[in-house]
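Please look over the sequence and model first.

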Amino acid sequence: MTENAWRPSATIGALQQRARSLASIRTFFAERQVLEVETPLLCHSTATDLHLQSMQVERPLPGAPVYLQTSPEFAMKRLLAAGSGAIYQLCKAFRQDEQGQRHNPEFTMLEWYRPDWSVEQLMAEVEALLRYCLPEDSPALPSAAFARITYRQLFLRELGFDPMRIADETLALNASELLRVELSDMSRDDWLNLLMADCIEPRLQSAVFVTEFPASQASLSRIEKDAEGDPVAHRFELFCLGMEIANGYQELTDAAEQQHRFAADNRQRQLQNRPEIPVDAHLLAALEHGMPGCAGVALGVDRLIMLAQQANSIADVLSFTSDHA
């Protein structure tokens, strides 16, 4: 341990600004009469998504494993099914193997749900939140409304091919050339995700909502047909200054379809020799009972604060990073 390893990674001034940002978020939702809630972060199930690596926690007593949550989504949806109305939560979330300039295994998430809203209405509220919380002269804020572009349009504009219809073999060849890596045994979505992260995302400097992702990337969103007749995920991601800030969905409310997707995820986990995740029976029961149609979004608070402070690293806005905790 070095002599100054005990010191916080952010300055005290930066932490004071962070506190003001958190207060602004709460004021924003209080003014809109959205209920703040708290849900458990240690649960018997967690996200089955192959791209999310949960942290399993050992217990001193025998029994089923428990997990630190990658997001509060499942429990919040149970509240929605119970009649909570519009809700939000500010909480810690945990994702294994996420460490770097913009990632910390333990981070702060803002998640909220709007019953009877569309993703279009929710995107407008996400923009309103950023304009409420960021300085007016922030380079992240365009003077006009945030731009919107579909996933297909974005790939055509930036990389010159249609991500929905390109053949798998051609996609792999194009990706290998663009990413300057050897061909490997990766899935179609793996290639698309790498191209998005390494080639496209850094170019998205001005605030932009990307919509209509491939149906294979639906996660917990509804699937619909786009203008070309292709199935797409009814969801969006917000990018500012070359990094993802928020991820929103027109939420899936069909219990049978949700169970099917959990099972499909676990089959893929078996094929990739990854641990299977216990299905959240409470969530399925809540969906079966009846969750209202709604739009929901998860927003990275640390990244929002990075925008507010024009910080280059997540360490500049955290009291302590995980490797110094």
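Predicted model: local features only at pLDDT ≥ 70, side-chain atom pairs only at ≥ 80, totals over all residues.

Residues are numbered from 1 along each chain as its sequence is written, and side-chain values use heavy atoms, without hydrogens and water.

**Helices α2 and α8**
- The axes of α2 (residues 73-81) and α8 (residues 281-290) come within 9 Å and cross at roughly 25 degrees.
- Axes here are lines fitted to C-alpha atoms over the stretch in contact, with angles from 0 to 180 degrees between N-to-C directions.
- α2 is therefore roughly parallel to α8 (angles under 35 degrees).
- F74, K77, R78 and A81 of α2 touch H282, L283, A286, H289 and G290 of α8 (contact: heavy atoms within 4.5 Å).
- By class, four of these residues are nonpolar, three polar and two charged; Asp, Glu, Lys and Arg count as charged, Ala, Val, Leu, Ile, Met, Phe, Trp, Tyr, Cys and Pro as nonpolar, and the others, Gly among them, as polar.

**Helices α1 and α9**
- α1 (residues 12-31) packs on α9 (residues 301-309) at about 115 degrees, with the axes 10 Å apart.
- A14, Q17, R18, S21, L22 and I25 of α1 meet V301, D302, L304, I305, A308 and Q309 of α9.
- That contact has seven nonpolar, three polar and two charged residues.

**Residue D162**
- D162 sits in the loop between α4 (151-159) and α5 (168-179); helices are DSSP runs (H or I, at least four residues), numbered from the N terminus.
- Beyond neighbours within four places in sequence, D162 contacts R152 and L156.

Conventions
Helix = DSSP H or I, 4+ residues; strand = E, 2+ residues; numbered from the N terminus. Parallel < 35°, antiparallel > 145°, perpendicular 65-115°, else oblique.
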